[in-house]
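Please look at the sequence and the structure first.

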Amino acid sequence: MKKNYFLILITLFFYLGCKEKPSIIEEDPALKNLGDNVYLHQADMAVEFRVAQGELEFWNSDNGDVTKLTSTVCKKFKDDFDFIIVVLNNAEVPKSSNYAGLFTSIKNDIKGIGGGIYDFSANYGTGKSLKGIVTLPAIDFIKNGPLLHELAHYNAAYILPMYNIGKDGKQINHYDHWGYSDAGGQMGGFKPEFVTSKLDGEANKYQAGYKNKEDGFGVTSNGRNKIPYSKIELYLLGLIPKTEVPTIKVYSGLSLPVGETRKGVFYATEVKTYTIDDIIAINGERLPSVENSQKLFRILTVVVSNRPVSQKEWETVNADIEWFTKQADDGNNDLYNYWEATGGRATIKMDGLKGSLK
Ligand SMILES: [Zn+2]
């Protein structure tokens, strides 16, 4: 019997082996055509969505036809994905683009993070799993763009009124980034240890920074994938308990000193301090809590292109996905993948798309 099995196996192998070769030569080896201009790349980490030139230009200048993309691409797959990342096939950010990254909210059922409970999935033709869409305007932006920042827009920063300074020098309300506060992290702001008060001996004058006291800070971000999430961001992501969150100081009554050349220097007439219990009193407890929160997120990456994506472009996208989802330190202190940014507390899975095909 053993011999017979062996023979059958050899025959089968030979048969399949011979049979396979011509079909590989005849078909495009890299892409599986899913129909409707959607192609799955053989690396099984992303799909290509081919669009007309005008449609790509719409994506390049605004957020594009998101509904067309979601309703076309999502019907090829089971409802397995938490986020879609749209990568526009541009070598660099086009001049027409006014963004380095965008987040489109679709659904939220997490309590206690501000921003409310909502579900727009019917408008996008998506299932119950999809929470939002990140749009990145250049082919290498999974690694070199603000992906950690855009993903965090799902959870932050909606818990407190924040403030910024408008172009006219007057204070404006700013709700979805950390602005002039010491919540410093992916969503902007500075670090409490890098704040100098009474600068130049003036009562309301401050200098603040994210990495040190001299280099200032960003009101909306602090450098793409170059920094990890802050404590309050990790709490809002459901990855640390409230006991690990420090107090947050929010500065208001803002203005800029005239002729100031040093970075991060501003006037503030009021500083409000919020403990995590104050934040919970305003927004409620984060539910699900850190014990029950989601720790594994699945992402469907869609490369939007007006022509077939080249092998070199696929290599960039696939290598960037491998880097972003690697569950280990990448050895580069200047860049943070998701595992590093969350301190190994959560995982992103972007491969294995074939297993989710309908
Ligand atoms: Zn933002």
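## Domains

Into which domains is the protein chain divided? The model is predicted, and its chain is divided into domain 1 (31-154 + 290-356) and domain 2 (162-274). Between the C-alpha centres of domain 1 and domain 2 the distance is 29 Å.

Contact between the domains involves 21 residues of domain 1 and 18 residues of domain 2. On the side of domain 1 that touches domain 2, two or more residues each come from α5 (141-144), α6 (147-152) and α10 (338-341). The most come from α6, which gives four residues to that side. By class, the side of domain 1 that touches domain 2 is made up of 10 nonpolar, seven polar and four charged residues.

## Nonpolar core

The largest nonpolar core has 92 residues, and the members that touch the most others are V86, V87, L136 and V302. This core lies between domain 1 and domain 2, because both domains give residues to it.

Beyond its neighbours within four places in sequence, V86 is in contact with L69, I133, V134, T135, L136, V302 and V304. Two of these contacts, L136 and V302, are also named among the core members that touch the most others.

## Strand pairing

Strand β12 (residues 205-208) pairs with strand β11 (residues 195-196) in the antiparallel sense, over two bridges. In this pairing, V195 has A208 of β12 as its bridge partner.

β12 also pairs with strand β14 (residues 265-274), again in the antiparallel sense, over three bridges. Here the bridge partner of Y206 is F266 in β14.

A157 lies in the loop between α6 and β9 (162-165).

The peptide bond from L287 to P288 is cis as well, with omega near 5°. P288 is placed in the loop between α8 (276-283) and β15 (296-305).

D44 is not a glycine, yet its phi is positive, near 70°. It sits in the loop between β2 (38-41) and β3 (46-50). With 15 other C-beta atoms within 10 Å, D44 counts as partly exposed.

R224 is not a glycine either, and its phi is positive at about 50°. The loop between β12 and α7 (231-236) holds R224. Is R224 buried or partly exposed? R224 has 19 other C-beta atoms within 10 Å, and a residue is buried only if 20 or more lie within that distance, so R224 is partly exposed.

Conventions: Residues are numbered from 1 along each chain as its sequence is written. This is a predicted model: local features need pLDDT of at least 70, side-chain atom pairs count only at pLDDT 80 or more; totals for chains, interfaces and linings use all residues. A nonpolar core is a set of buried Ala, Val, Leu, Ile, Met, Phe, Trp, Tyr and Cys residues joined through C-beta atoms within 7 Å. A residue is buried if 20 or more other C-beta atoms lie within 10 Å of its own, exposed if 12 or fewer, and partly exposed in between; C-beta atoms are placed from the backbone. Domain bounds come from an automatic or database domain assignment. Two residues are in contact if their C-beta atoms, placed from the backbone, lie within 7 Å. Ala, Val, Leu, Ile, Met, Phe, Trp, Tyr, Cys and Pro count as nonpolar, Asp, Glu, Lys and Arg as charged, and the others, Gly among them, as polar. Two strands pair if DSSP finds at least two bridges between them.
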